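Below are some notes for a colleague who is opening this entry for the first time. Please read them with the structure on screen.

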Amino acid sequence: MAASHRVSAVPLMSWLSRRVFHPLWDVKDGSRRLRALRELERTQWLPPQELRARQQTRLEHILRYAAAHSPYYRRLFAAQRFDAQRFDPAAFAALPLLTKGLIRSSTDEMLSDEFSREELGQHKTGGSTGTALVTYFDRDWLELRTADALRADQWAGCFHGMKIAALWGNPPRPRGLKQRLRSWLIDRFIYLDTIDLNDHSIAQFVARWRREQPEILFGHAHSLFILAQSLAQQGIEDLRPRGIISTSMMLLPSERAVIERVFACRVTDRYGCEEVGLIACECEQHAGMHLSIEHLYVEFLRPDGSAAEPGEEGAIVITDLFNRGMPFIRYRVEDMGVAAARPCPCGRGLPLLERVTGRVADYLKRRDGSLVAGVSLVERTLTAISGIEQLQIVQPTREEIVLNVVRASDFNADSEAALLAEFRSVFGPGISFRTEYVERIPQERSGKYRFSICRV
Ligand SMILES: [Zn+2]
């Protein structure tokens with residue numbers, strides 16, 4: 001479940017779709033996914049050196065695959081004089097990083113010639129960067145990555161069939177699916193829409209929780225916090241999940257403490273993004289997040305491109321070891337993070353990510369004081385409205401919101417009208433909107449973008 005500078009709402013929807021829609025495919029693919037899950041349950045206990053050796057073999061394999069089947073990498077490797085047949089660590093470390101901009105400009109070229117586009121699955125994300133991005137994956141990758149996320153669910157005490165309370169910003173809209181699927185979906189979840197957090201919606205959520213007693217609470221870190229804070233203020237102490245999964249944005253220690261106190265339950269923090277799936281997750285020890293190195297090769301880089309030491313902050317760069325449909329090699333996910341050298345007390349061989357740093361989510365405010373999750377709003381806007389490449393929401397005063405828009409090539413008058421209509425419907429009366437067309441959204445000092453800035 002994912003979700004990323006990115007504070008992405010998408011991992012949330014990805015997770016929901018995995019738990020809700022994918023079980024419908026179980027007849028066809030369930031056994032394969034289950035096999036992958038059993039394998040991951042075994043490999044997590046392998047010694048670190050054995051996991052690293054397997055990771056290295058898979059890294060070399062995906063590099064050879066990319067050289068053979070992806071025109072983009074064939075061209076890149078030739079230009080860099082990189083020989084995928086003979087792995088050289090220094091040459092690998094010198095390969096230019098894959099960025100969202102490069103993905104956007106080179107999508108067709110990146111795709112493997114082994115697949116037609118119709119055979120591939122697609123992710124479209126807005127993400128916390130506020131940058132629209134479409135990426136692809138093959139079906140085998142989806143099964144593996146789903147199994148990986150299911151393993152992480154288990155670490156949080158979440159098993160198949162449990163009722164889940166979810167906080168998310170874009171209620172499922174199963175367009176084109178049958179109505180009974182919709183009702184089944186609604187039965188499986190109780191949810192609180194983070195686009196519309198207010199006393200009334202929270203009261204409704206609490207009432208439904210008491211009736212249906214969900215076992216797992218799932219949501220954006222900051223949304224979990226806002227809910228916990230509201231419950232604490234009202235003296236509500238009877239909501240008792242067995243597990244809490246926090247995702248899609250940095251979980252601040254202070255906020256974590258409030259959430260754990262109010263729900264009397266530990267929070268399991270996880271980190272991922274739609275393009276490469278789950279990256280790391282806490283186990284039941286909550287001593288850092290185990291990196292999914294069976295499927296990913298993860299680097300932490302200094303600004304000069306050299307490798308950061310454990311304990312030192314670095315830009316997170318991911319090579320996906322299994323996505324053949326659209327190989328991701330040295331992909332800069334636009335998050336900063338810190339690797340840990342120590343082992344986890346649980347005894348698993350998977351190395352630890354100490355923490356993700358520099359992800360920020362700001363909530364915007366309506367005139368009545370209720371809150372709107374910027375991450376969810378940007379996500380919804382970018383995926384729903386064409387012609388917008390990047391969006392940043394700035395709220396300088398309670399009465400005013402500025403939309404900084406980077407136009408895509410297919411931008412037209414309808415794009416702006418749709419954008420403004422969307423914002424007016426979300427914020428209601430009393431707020432004026434101004435659109436600014438900009439060449440780019442400036443990054444923060446951390447190198448990240450903020451999708452939403454509230455100065456009120
Ligand atoms: Zn552990």
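**Notes on the model**

1. Arg81 sits in the loop that joins α4 to α5 (89–93); helices (H or I, at least four residues) and strands (E, at least two) are DSSP runs, numbered from the N terminus. Arg81 is not a glycine, yet its phi is positive, about 55°. Its relative accessibility is 78%, so Arg81 counts as exposed; the term exposed stands for over 50% relative accessible area, buried for under 20%, and partly exposed for what is in between (1.4 Å probe, protein chains only).

2. This is a predicted model, in which local features need pLDDT of at least 70 and side-chain atom pairs count only at pLDDT 80 or more, while totals for chains, interfaces and linings use all residues. Residues are numbered from 1 along each chain as its sequence is written, and side-chain values use heavy atoms, with hydrogens and water left out.

3. Most residues other than glycine have a negative phi. Ala264 belongs to the loop between α11 and β7 (267–273), and with 51% relative accessibility it counts as exposed.

4. The zinc ion has as protein donors Cys283 (SG), His290 (NE2), Cys344 (SG) and Cys346 (SG), at 2.1 to 2.3 Å. Donors are N, O and S atoms within 2.8 Å of the metal (3.2 Å for Na, K and Ca); water is not among the atoms, so sites may look incomplete. The angles among the four donor atoms are 102 to 117°, and the site is tetrahedral, a term that requires all angles of four donors to lie between 85 and 135 degrees.

5. Along the sequence, the zinc donors follow the spacing C-x6-H-x53-C-x1-C. Distant parts of the chain are linked by Cys283, in the loop between β8 (277–282) and β9 (289–291), and Cys344, in the loop between β12 (331–339) and β13 (352–357), which are 61 residues apart. Both Cys283 and Cys344 are buried.

6. How do helix α10 (residues 221–234) and helix α11 (residues 253–263) cross? Their axes come within 9 Å, at roughly 50°, which makes α10 oblique to α11. Axes are lines fitted to C-alpha atoms, for helices over the stretch in contact, and angles run from 0 to 180 degrees between N-to-C directions. Angles under 35 degrees count as roughly parallel, over 145 as roughly antiparallel, 65 to 115 as roughly perpendicular and the rest as oblique. Residues in this contact (heavy atoms within 4.5 Å) include Leu224, Phe225 and Leu231 of α10 and Val258, Ile259 and Phe263 of α11.

7. Helix α10 also packs against helix α9 (residues 199–212), at about 85° and with the axes 11 Å apart; the two helices are therefore roughly perpendicular. Here α9 contributes Ile202, Phe205 and Val206, and α10 contributes Leu227, Ser230, Leu231 and Gln234.

8. Helix α6 (residues 100–110) contains Thr107, which counts as buried at 14% relative accessibility. Apart from neighbours within four places in sequence, Thr107 touches Val134, Tyr136 and Met326. The buried residues of α6 are Lys100, Ile103, Ser106, Thr107 and Met110, and their cover includes α4 (71–80), β2 (133–137) and β12.

9. Phe451 is located in the loop between β18 (432–437) and β19 (452–454). With a relative accessibility of 1%, Phe451 counts as buried. Its C-alpha atom is 9.0 Å from that of Ile441, ten residues away along the chain.

Methods. Tetrahedral: all angles 85-135°; square planar, octahedral: opposite > 155°, others 65-115°.
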